[in-house]
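Hi everyone, thanks for coming. Let me put the structure up, and then we'll walk through two surfaces together.

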Number of protein chains: 2
Amino acid sequence: MQRLIAHISKFVELTEEDKEIILSCIQYQEVKKKEYLLRQDAICNANYFILKGVFRKYYIDEKGSEQIIHFGIDNWWITDYDSLDRRIPSQYFIQAVERAEVAVLDWRVQEELFVKIPALERYFRLILQRAYAASMQRIRYIYDFSGEERYYHFSNLYPEFLQRIPQYMVASYLGFTPEFLSKIRAKKI
Amino acid sequence: MQRLIAHISKFVELTEEDKEIILSCIQYQEVKKKEYLLRQDAICNANYFILKGVFRKYYIDEKGSEQIIHFGIDNWWITDYDSLDRRIPSQYFIQAVERAEVAVLDWRVQEELFVKIPALERYFRLILQRAYAASMQRIRYIYDFSGEERYYHFSNLYPEFLQRIPQYMVASYLGFTPEFLSKIRAKKI
DNA sequence: GCCAAAACTTAATCAAGTTCAAGAAAAGAC
DNA sequence: GTCTTTTCTTGAACTTGATTAAGTTTTGGC
């Protein structure tokens, strides 16, 4: 759990008292492989800080197949902010790709914490800025590069990742079919 | 400028004093057609609330052509948060598509305001949440729908918009060539 | 260690969208 | 109002990636 405090401290300053308050408000949770933190149509009740493991956020598209829009890894928060904050049913599933550990920040507790510790509201503003920029960057990759180029870019950026998660998930995240990914790999081996 | 106060008040509560402080810290600015609020490689110095008009945020891709990543319209903020906050050169251009009016919030003033009015930091956290969700939604559209479907969706959602901005900008925003857009339009007329 | 389920590969066919090139129409400048 | 620049259109050849369907390999449960 100290990893969370360390992460927050990278963005804002916390007093020792702040740290204790935060730690007392946050739950530690182990998550089994394939377990869900959130399912479609449910209202999201917490923001999750990933201490260890990998999550995928996906939805079911018009044709009925799973589309991954986001991977959550160590030291990132994962949630559906839209559902969490506006108390509306989520369009997304959040599922553990492998065994994981998370710090759970319940939405009601979050509101209280923001009042007690304004620095925390600032921290989340900064985190969201980062997430928003990353999302823009992602749109750039989709527009600028072909599927093959995106795959090479991804595999250079996160080589260990490719070993840990099934290929069909990578294909879904990068926006093409598993068959096409197979073809790309066949070319270069 | 009252439109800005009204917008903030939709998300957080402001006292009369807060409102005065905000108004005293914000500059009104008219922007001519094709004028830039930000250019690539410059460090972004302000967040702009669009009172009236349309802006496009774009970058130059590998092949040297302009790629529009975002349209800013009435009642939205437009800036490069990454450059603004981290004081790094921007990758983007922000340009007025038509004559516009904006409220300018300088980054240094913003920091001061957050200290004086914590509700404002909350407001921006909520705004960013909304922008992030919209960006996710955009990725969904790109993945789920064909170019033609995206065009019809866009033209149903913002019919007046199509009249106001050149087609090649719409094509760029939707992620295909102007030639292809021409073909789509030819089909249905 | 065996069986079932999950994940990956291969190949043929097809659709969506790009590229290039040329010309037509519309919008601004003075 | 005409001249220039910007925007839009059309068509042919081509590329990327989807689809379908079958077969192969790997993984996990018990």
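This is a predicted model: local features need pLDDT of at least 70, side-chain atom pairs count only at pLDDT 80 or more; totals for chains, interfaces and linings use all residues.

Residues are numbered from 1 along each chain as its sequence is written, chains are lettered from A and ligands numbered from 1 in the order in which they are written, and side-chain values use heavy atoms, with hydrogens and water left out.

So, DNA strand C. The surface near it (a heavy atom within 4 Å) has five nonpolar, six polar and five charged residues. α9(A) gives the most, with four residues. Which part of the strand faces the protein? Of its atoms within 4 Å of the protein, 73% belong to sugar or phosphate. Looking at phosphate oxygens, a backbone N or O atom of B:G147 lies 2.6 Å from one, and a side-chain N or O atom of B:K33 is 3.1 Å from one.

Now the two chains. The contact (heavy atoms within 4.5 Å) takes 40 residues from chain B and 41 residues from chain A. How many salt bridges are there between chain B and chain A? The count is eight, taking a side-chain nitrogen of Lys or Arg within 4 Å of a carboxyl oxygen of Asp or Glu. One pairs A:E121 with B:R125, their closest N and O atoms being 2.7 Å apart.

Terms used: A polar contact is a pair of N or O atoms within 3.5 Å; within protein, one must be able to donate a hydrogen and the other to accept it, and residues adjacent in sequence count only if both atoms are side-chain atoms. Helices (H or I, at least four residues) and strands (E, at least two) are DSSP runs, numbered from the N terminus. Ala, Val, Leu, Ile, Met, Phe, Trp, Tyr, Cys and Pro count as nonpolar, Asp, Glu, Lys and Arg as charged, and the others, Gly among them, as polar.
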